[in-house]
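Okay, thanks for coming, everyone. Let me put the model up and then talk you through a few parts of it.

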Amino acid sequence: MNSIFIIAHAPLANALRASVLHVFPDAHEHIVALDVQPNVPPEETQASAKIMMTQLSHVPGIKKTLVLTDIFGATPCNVASKLVDGVNAKLIAGVNLPMLLRAVSYRSESLDILVSRAVA
């Protein structure tokens, strides 16, 4: 099973997580969200994201992580890009609710298939 990590401008990340958990309440352990606050230095956000990513890797049954972010080139995306290695985690920018719902639906597939399903 893959986990999903949403990193986006506040309050979007947690709002997306709450919306998807309304449809898939059993996915609460596999989906985490980090709201990037406007007054927090990127280094602090990076540290928080790294801790959350490490915690995800210790959840039983989690193999790999799909990281979703809102705007390519913005702070959330820059933070996220430093977390992914391309093998155990992949990054997609431009997250939206339909994409997230597809990703959750296919989270048991391989990470590469999950990425292609999410962007379809």
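Predicted model: local features only at pLDDT ≥ 70, side-chain atom pairs only at ≥ 80, totals over all residues.

Residues are numbered from 1 along each chain as its sequence is written, and side-chain values use heavy atoms, with hydrogens and water left out.

So, the loop between strand 1 and helix 1. Pro11 sits there, and the peptide bond joining Ala10 to Pro11 is cis, with omega about 0 degrees. For background, most peptide bonds are trans.

Now strand 1 itself, residues 3-9. Six of its seven residues are buried, and buried here means under 20% relative accessible area, with exposed over 50% and partly exposed in between, using a 1.4 Å probe and protein chains only. Which strands does it pair with? Pairing, by the way, takes at least two DSSP bridges between two strands. Strand 3, residues 65-69, runs parallel to strand 1 and is joined to it by five bridges; Ile4 is opposite Leu66 there. Strand 2, residues 31-36, is also parallel to strand 1, over six bridges, and Ala8 has Asp35 as its bridge partner in strand 2. Getting from strand 1 to strand 2, the chain goes through helix 1, residues 12-23, in a right-handed β-α-β crossover. Right-handed means that, with the strands pointing away from you, the path from the first strand over the helix to the second runs clockwise.

Next, helix 2, residues 42-57. Which of its residues are buried? That would be Thr45, Gln46, Ala49, Met52, Met53 and Leu56. They cover an arc of only 130 degrees around the axis, so they end up on the same side of helix 2; the arc is taken from the directions from the helix axis to the C-beta atoms. Over on the other side, Glu43, Lys50, Ile51 and Gln55 are exposed. And what covers the buried ones? Strand 1, strand 2, strand 3, helix 3 (75-81) and strand 4 (89-93) are among the elements that do, counting contact as heavy atoms within 4.5 Å.

Last stop, Ile113, in helix 5, residues 111-119. Ile113 is partly exposed, at 34% relative accessible area.

Note on methods:
Helix = DSSP H or I, 4+ residues; strand = E, 2+ residues; numbered from the N terminus.
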